[in-house]
Structure formats: C-alpha cells, structure tokens
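Q: Hi, I'm new to this one. Could you walk me through it?

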Amino acid sequence: AVTEIVYRLGGERCLVATDTTSTYPTAANALPKVGYQRSLSAEGILALHPTMLLAAPEAGPPPALVQLETAGVTVVRTSGDHSFDALAGNVKLIARNLDLAARGSALDESLRREWNATRAAIRRTGTPPRVMFVFSHAATHVQVAGAGTAAAAMIDLAGGVNAMTGFKGYRPLSSEGVVAAAPDVILCTREGVDALGGVESLLGRPGIALTPAGKAKRVLHPDALLLLGFGPRLPQAVRELAQGFGTFG
C-alpha cells in the first residue's frame, strides 16, 4: 500500500527498491526486492544506499530498523489503521517526506471524492449479508478472521457483517464454528484460493458445504493487496466488495 501511494503521487523516481509484497502497480515488480517486509535485512537494504525507508507498521524486525536509523537512514513509519482516515494520513505523510505536498493535496481531494461517492452508494437497510473471511497461505493452514482485522474492517465498510464473532485476530477454521456462523458469503483472496487448490477445494473444507454460502457456492476472492492493503485503491476495493455482497447501488 505504501508503494502504491508513492506511485499515485508520481514519486516513483525516488524508489530504489521495494519489498516482496509490493506487487502493484506492475512497474513496481521491476525494482530490486529487499525481501518480505516482516523479515528485512539491514545489510541488504544498506547495500542499495537509501536515504529513507518508508515503512508499514508490519516492517521489521525492529532491530533491523534501529540498525538502519543508526546508519543514517530516515525511517518513516506509516499508520496501519484500517480506515480511510489512516489512508489519507499516510498520503499526507509520504507526500511531505518526498517533497510532493502539492501532489499529496491533489491526491487527497481525488480520493475523498471517490470515497464519499462510494460510501453514499452502499445500502445500509435491510438484513446485511453475513460474511466469513477465510485466510490461507497453504492447504494445511486455514484460518478465519475475527474482530480487529483488515478483513473485518472491509466487510463492515462494504455493508456486510462479520459472521465470525467473539474473538480478535485470526483463529483456525473449524467445522463446528463455520456451521454455527452460517455465512451468506465466503470471502477469500485470489492467492488464498490458489493455495487451497481452487474454489471447489475451498468449498470442500469441513463444514463449509453446510453453510448458506457453501450451498449457494457464493465465494468472492479478490486480489489480496487490493482487498486488504488499505492503499489508494481502497474506494475501488470497497465498491467491488459491496457489489459482490449485493449492497451497492
């Protein structure tokens, strides 16, 4: 999401590298990669001679960031809150640090117009769909999202309700919990569906076939960065998700 903001500001000339989660826009894939954002190597980053590191809250480990600061690299930490206000704050922060304040203001105005239009078009009347987010990087490691997660925030913003209640963060998928949650929609990511072997494989997980979503085969699986990144495509992501929920327009 941080990389996306830089590109939307027209500041890509400042970039010497990105982490491996920076897959959008396509041009970002051509830059050198410094590894996964949670397991950065200070030595590898310093070899690229940066003067600044734009860091998401997940970036680390902390000793690596301290080592970078000690070496004279300015570390700019962005907000990880799951909200439009956090996105707007990150746009302002990054624009200021890249000396692109005017472009930051223009992007802020554009995003606010798109956001307000999107929010106004989401229906909040009637019974909202119950949505269960399934998170997976491998067929043997499948979890569902509770409160305080990016997935739960997106479900709410798009006019749905999280079917999984009573816990925060993520917990392993259980057939009993899935059946009791009775989701109308199963939300996943494209990458998660691929890891599970496809939509049919997801629907074959214990308990899912017995839910309203499973019986209707109602599965949404957008790109992970679009859905969970809370970057400048947030209005688009909420709009497309609401369209899938049937709560848009």
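Here is a short chat about the overall build, the strands and the helix packing.

Q: Before we start, what kind of model is this?
A: This is a predicted model, where local features need pLDDT of at least 70 and side-chain atom pairs count only at pLDDT 80 or more, while totals for chains, interfaces and linings use all residues. Residues are numbered from 1 along each chain as its sequence is written, and side-chain values use heavy atoms, leaving out hydrogens and water.

Q: Great. How many helices and strands are there?
A: The protein has 12 helices and eight strands. Both are DSSP runs numbered from the N terminus (helices are H or I, at least four residues; strands are E, at least two).

Q: Switching to strands: which ones does β3 pair with?
A: Strand β3 (residues 130-138) runs parallel to β5 (residues 161-162), with two bridges joining them. Three bridges join β3 to β7 (residues 185-187), also in parallel, and four join β3 to β4 (residues 141-145), antiparallel. Strands pair if DSSP finds at least two bridges between them.

Q: Which residue in β4 partners A138?
A: The bridge partner of A138 is H141. In β7, F133 is bridged to L187, and in β5, R130 is bridged to V161.

Q: Now helices. How do α4 and α5 pack?
A: The axes of α4 (residues 84-97) and α5 come within 8 Å and cross at roughly 165 degrees. That makes α4 roughly antiparallel to α5, a label for angles over 145 degrees. Axes are lines fitted to C-alpha atoms over the stretch in contact, with angles from 0 to 180 degrees between N-to-C directions.

Q: Which residues meet there?
A: Among them are F84, L87 and V91 in α4, and L107, L111 and W115 in α5. Contact means heavy atoms within 4.5 Å.

Q: What about α5 with α12?
A: Helix α5 (residues 101-120) and α12 (residues 234-245) pack at about 15 degrees, with axes 9 Å apart. That makes α5 roughly parallel to α12, the label for angles under 35 degrees. L111, E114, W115 and T118 in α5 meet α12 residues including L234 and V238.

Definitions and conventions. Angles under 35 degrees count as roughly parallel, over 145 as roughly antiparallel, 65 to 115 as roughly perpendicular and the rest as oblique.
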